[in-house]
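Look at the structure below, then read on. The text goes through a pair of strands and then through some aromatic rings.

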Amino acid sequence: MAPLPSAPSAPSAPVCPVCPVCPVCSRLPRLPRLPRLTGGGEDGFKAGSVFFSNTGNFQCDSQQREFKAKLVGNVNSEVVVQNKLSHPVRTRFLRFVPLDWNPSGWMGLRVEVYGCSYKSYVADFDGRSSLLYRFNQKSMSTLKDVISLRFKSHQAEGVLLHGEGQRGDYITLELHRGRLDLYLNLDDGRPRLSGGRVAVTVGSLLDDEHWHSVHVERFNRQVNLTVDAHTQHFHTGGEGHSLEVDYELSFGGIPLPGKPGTFLRRNFQGCMENLYYNGNNIIDLAKRRKPQIHSVVSPSPPPLHPGRSTTFL
């Protein structure tokens, strides 16, 4: 008797290269290999994004909407492509999202993440105080300034930094309606705190009690203002090229000259971290009680902890 013909084999079900378990056939897809983009059915990773989060919940974490970077893939299996972030990010979780790959192959990706040591200098402002950084001479004239800090607050209003000179120069960085305003003028001669001042505004909802990074870089009249990953490029007002500030810079408020404990604007209430002015670590100088740092405290309302209106963590 002739053997019965064998039944034709069923066609293999398609395997989804994206999901961990294929929804079509419930089989595990092939594991990705090293990224290769040489064509001819090779596996590869051409482009993608990386998200950052401090909670691990990328759907709900407001931080991940602000911190996102684009990645560029490699061209073959030997060449290593390095992607550098435009701004440093402090995070606990990373999420890599492929956006483009070789349609003839599978998505493949191997990632090595490099970081650096991180030192944290934090000051807690209670809304009644400020720190003064006093210069060694009567005034400080600079052609270039670099200011960086991180802050978090639940208040929509508050001065982060202020300095001014008698000839009309001024710089003010403050929270206003949950956004960050920068006022900067070089030798214009306008009255201080006049209504004609124009602010450059970056960010929104910055009073969400999350950490936000600020970086101000000025060279002559060209200025870059960066909040988190958003940058504004602009030119300052005025006719000069240098910023001349008399006596001191204040952080956390604008003390009224001649009236100790009186401030012109609402003080900042919250935390500042790693506050740098032209290479000087302001919070570290204050913690070490250096003579160029002074603390100004409003006499009312009475403090909950006398003598601790600005706390260093």
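Two strands are said to pair if DSSP finds at least two bridges between them. The model shown here is a predicted one.

Start with strand 1, which covers residues 47-53. Six of its seven residues are buried, so the strand is mostly covered, where buried means under 20% relative accessible area. Strand 1 pairs with strand 3, residues 93-100, over seven bridges, and the sense of the pairing is antiparallel. Within this pairing, Val 50 stands opposite Phe 96 of strand 3.

Now turn to the aromatic rings. The structure contains four aromatic pairs. One of them joins Phe 125 and Phe 268: the ring centres lie 6.1 Å apart and the planes meet at 70°, so the pair is edge-to-face, a term used for planes over 60 degrees apart. Phe 125 belongs to strand 4 (residues 122-126), while Phe 268 sits in the loop between strand 15 (243-251) and strand 16 (269-277), so the pair ties together parts that are 143 residues apart in sequence. Both Phe 125 and Phe 268 are buried.

Another pair is made by Tyr 133 and Tyr 277, whose ring centres are 5.9 Å apart with planes at 65°, so this pair is edge-to-face as well. Tyr 133 is part of strand 5 (residues 129-142) and Tyr 277 is part of strand 16, so parts 144 residues apart in sequence are tied together by the pair. Tyr 133 and Tyr 277 are both buried.

Together with Phe 151, they form one aromatic cluster.

Technical notes:
Residues numbered from 1 in each chain as written. Predicted model: local features only at pLDDT ≥ 70, side-chain atom pairs only at ≥ 80, totals over all residues. Heavy atoms only, no water. Buried < 20%, exposed > 50% of the residue type's maximum accessible area, 1.4 Å probe, protein only. Helix = DSSP H or I, 4+ residues; strand = E, 2+ residues; numbered from the N terminus. Phe/Tyr/Trp six-rings, centres within 6.5 Å; stacked < 30°, edge-to-face > 60°.
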